[in-house]
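Thanks for making time this morning.

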Amino acid sequence: MMKWLTRHIPRRETIHENRLLRPFAKPLSNPALWRMTRRSVPRAVALGLGIGIIIPVMHTVIAAILAIPLRANVAITAALTLLVNPLTYAPIYYGCYLVGSWELHHDSSVIDPRAAEQVSGELGRIMFWLHHASGPIALGVVTVALVTSAIGYIASSVVWRWWLGSKWRQRREARRATEV
């Protein structure tokens, strides 16, 4: 998996070759933004998941721009924003609505459907329901993004530590095998 990932991650040189990315070449030429380190990868995972959930449109570009000052791996940040896509928006945002409703103790049965029927036109009815659901959705999106980012950060740190430990064990066993 790591070999495949390192082969397909864009290199710093490709930024200088692309005419649209040349204006951003100087800040993006920082080698720390492209290395996979124990600090940059968890930051990238947390940033990619959080921005992907909070911002539904142009989240890949925004996350990549935010990765620069946060010193997160740009490629991993951009890749993880793609977990939230048009196929997953509806279930994620419905889950966010449920979380926000639970946090606000919001009961949708309190909203009288007859009040929505009094609003004229289909667009008016849609706006009525959005108005009553916007608070729970907004709070749920922030909550889910924060929790997902925290879990992603911790999980990637643990996996990184486990992977590094396995590499150390392999080296130690290889050294013992050559000594005997």
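Predicted model: local features only at pLDDT ≥ 70, side-chain atom pairs only at ≥ 80, totals over all residues.

The residues that make the contact are His59, Thr60, Ala63, Ala64 and Ala67 on the α5 side, with Val74, Thr77, Ala78 and Thr81 on the α6 side. Sorted by class, that contact of α5 with α6 comprises five nonpolar and four polar residues, and no charged ones.

As for the geometry, the axes of α5, residues 59–70, and α6, residues 74–81, come within 8 Å and cross at roughly 155 degrees. Because angles over 145 degrees count as roughly antiparallel, α5 is described as roughly antiparallel to α6.

Let me stay for a moment with Thr77, which lies in helix α6. Is Thr77 buried or exposed? Its relative accessibility is 0%, so Thr77 counts as buried. If we set aside its neighbours within four places in sequence, Thr77 is in contact with Ala63, Ala64 and Ala67, and also with Ala44, Leu47, Gly48 and Ala72.

Now to the loops. Most residues other than glycine have a negative phi. Met58, in the loop between α4 (40–54) and α5, has a positive phi of about 60 degrees although it is not a glycine, and with a relative accessibility of 53% Met58 counts as exposed. Arg71, in the loop between α5 and α6, is likewise not a glycine, and has a positive phi of about 55 degrees.

Conventions:
Residues numbered from 1 in each chain as written. Heavy atoms only, no water. Axes fitted to C-alpha atoms, helices over the stretch in contact; angles between N-to-C directions. Helix = DSSP H or I, 4+ residues; strand = E, 2+ residues; numbered from the N terminus. Parallel < 35°, antiparallel > 145°, perpendicular 65-115°, else oblique. Contact = heavy atoms within 4.5 Å. Nonpolar A, V, L, I, M, F, W, Y, C, P; charged D, E, K, R; others polar. Buried < 20%, exposed > 50% of the residue type's maximum accessible area, 1.4 Å probe, protein only.
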